[in-house]
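This report covers one chain's fold, some of its residues and its interface with a partner chain. Please keep the sequence and the 3D view at hand.

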Amino acid sequence: MHITVKYFGQIVEVTNTQEETIEVVGSHISDLVGVLNSKYDQLEKKDFQIAQNQELVSLETELIGLEIALLPPFAGG
Amino acid sequence: MSDKKPKNVFREGAISSDFIGNSIYKHQTKTSIGAHNIFLGQVRADEIDGKTVAAIEYTAYEDMANQKFHDIREAAFEKFELTCMHIYHSLGTVKAGEICLFVFVSSPRRKVVFEALEYIVEAIKADVPVFGKEIFEDTSHQWKVNN
C-alpha cells in the first residue's frame, strides 16, 4: 500500500522532507512506523504522535490508505 | 453562533493590538452581552542556558488544527452559555513580547466567561497540532513543548 506521510516540526529535522509517499507491506500503523524507523535512524529518539486522516491513532490501528502525519509535542498558544 | 464548517483560525505573524481592540469594538452592537473575557498568549523571552528566546516560529498541521479548533469551539458552545467566541493563532515568526494567541469569549453573565475561557485555552494547548521553534538571539533554536 502507498501511504502519504507528512512530517512536522522537529520531525522534519530528521526526515529533511515535509511529505513523501511510503510503500508499506502490512496493514497497521506499526508496519508503517517500522518502515520509517529503518529509513530514518534518528526517528526512534523522537517523541511523536501519529494521526491518520487527521485523527490520532495508536500503533495497533489499521492503515486505511489515507494521509498519515507524524506530530511532535504540541506547542500552541 | 457556531458554524458547521471549520474556519481558518491562523493569521500570519503576530496578532496586533489594533486587531484585538477592533474585535472588542465590533461587539458593542451585540447588546445581550454583559461580559467579555480575553486570553492573550504572548511570546516569552525565556532564558535557557544563558541564551534568550528572541522569537517563536509557529507551524501547524493546518487542516487538522482547524478541525480541532472547530471541535473545541463546538464543545464550548455546548458546555457554556456563550453569545460568541473567537480564536486566532499565529503562524510564522512572532517576536518576544508579541501576541501569538487571542481567545475572546462573550456571554450575558460573567461567571460563564471565566470558566469557558480556561476550558478553551487548556484544550487548545493540549489538543491542537501547532509546533513552535524557539529561536534564540544567536539564531540557534530549540523546540517548545506545552506542559
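Contact means heavy atoms within 4.5 Å. By that rule A:Leu36 touches A:Val5, A:Tyr7, A:Ile22, A:Leu43 and A:Leu70, not counting residues up to four places away in sequence. The model is predicted, so local features need pLDDT of at least 70 and side-chain atom pairs count only at pLDDT 80 or more, while totals for chains, interfaces and linings use all residues. Residues are numbered from 1 along each chain as its sequence is written, chains are lettered from A and ligands numbered from 1 in the order in which they are written, and side-chain values use heavy atoms, with hydrogens and water left out.

**Fold of chain A**

Chain A has two helices and five strands. These are DSSP runs, numbered from the N terminus: helices are H or I with at least four residues, strands are E with at least two. Along the sequence the order is β-α-β-α-β-β-β. The C-alpha trace spans about 35 × 25 × 20 Å along its principal axes. A compact globule of 77 residues would have a radius of gyration near 11 Å; chain A has 12 Å, which agrees. The radius is taken over C-alpha atoms, and the globule rule is 2.2 Å times the number of residues to the power 0.38. Among contacts in chain A between residues at least 6 apart in sequence, 49% join residues at least 24 apart.

**Buried and exposed residues**

Buried means under 20% relative accessible area, exposed over 50%, and partly exposed in between (1.4 Å probe, protein chains only). Buried residues make up 42% of the 77 residues in chain A.

| Residue | Relative accessibility | Class |
|---|---|---|
| A:Leu36 | 1% | buried |
| A:Thr15 | 7% | buried |
| A:Asn16 | 68% | exposed |
| B:Thr139 | 65% | exposed |

A:Leu36 sits in helix α2 (residues 29-39) of chain A. From A:Leu36 to A:Val24 is 9.6 Å, C-alpha to C-alpha, and the two are twelve residues apart in sequence. A:Thr15 belongs to helix α1 of chain A. Leaving aside neighbours within four places in sequence, A:Thr15 is in contact with A:Tyr7 and A:Tyr40.

A:Asn16 is in the loop between α1 (12-15) and β2 (19-23) of chain A. Its phi is positive, about 55 degrees, although A:Asn16 is not a glycine. In chain B, B:Thr139 lies in the loop between β7 (130-136) and β8 (141-144). Phi of B:Thr139 is also positive, near 70 degrees.

**Interface of chains A and B**

How much area do chain A and chain B bury between them? The value is about 1,700 Å², 59% of it on carbon and sulfur atoms. Buried area is the accessible area (1.4 Å probe) that two parts lose on being put together, summed over both. On the side of chain A, A:Gln54, A:Phe74 and A:Gly77 lose the most area to chain B, together 39% of what that side buries. The contact takes 18 residues from chain A and 25 residues from chain B.

The count between the chains is one salt bridge (a side-chain nitrogen of Lys or Arg within 4 Å of a carboxyl oxygen of Asp or Glu). The side chains of B:Lys68 and A:Glu55 form a salt bridge at 3.9 Å, N to O. On the side of chain A that touches chain B, the elements giving two or more residues are β4 (55-57) and β5 (68-71) of chain A.
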